[in-house]
Amino acid sequence: MHSSSERGQLLGGSAGPGASYIAAGGDRHLYTNRTVRHMVQDLTSFAQLLRANPIPASLGELYAEAVKESD
């Protein structure tokens, strides 16, 4: 069990290097802005891959397979 000060650090500690999001001016926070840009680029790239190479999946078939191999 964590002490109350440890819980506070676990829940309210730093979210990244540098100043806190609020202290850095919110939308001016370098770590957040950089991370969001990477996330958007990754998501866009993955969406393009899926569009070019769709993954066929029938949920009904997947469920039936799961039922067959389950106890």
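A: The protein contains three helices and zero strands, where helices (H or I, at least four residues) and strands (E, at least two) are DSSP runs numbered from the N terminus. This is a predicted model, in which local features need pLDDT of at least 70 and side-chain atom pairs count only at pLDDT 80 or more, while totals for chains, interfaces and linings use all residues. Residues are numbered from 1 along each chain as its sequence is written, and side-chain values use heavy atoms, without hydrogens and water.

Phe46, Leu49, Leu50 and Ile55 make a nonpolar surface patch of about 400 Å². Leu50 belongs to helix H2 (residues 30–52) and is partly exposed, with a relative accessible area of 34%; partly exposed lies between buried, under 20%, and exposed, over 50% (1.4 Å probe, protein chains only).

In pLDDT, the predictor's confidence in each residue from 0 to 100, H2 has the highest mean among the elements (94), and helix H1 (residues 4–12) the lowest (50). Where pLDDT is low, the predicted coordinates should not be read in detail. Across the protein, buried residues account for 3% of the 71 residues.

Methods
Patch = residues over 30% accessible without salt bridge, like charges linked within 9 Å, V, L, I, M, F, W, Y side chains within 5 Å. Areas by Shrake-Rupley, 256 points an atom, 1.4 Å probe, with all protein chains shown as cover. Salt bridge = Lys/Arg side-chain N within 4 Å of Asp/Glu carboxyl O.
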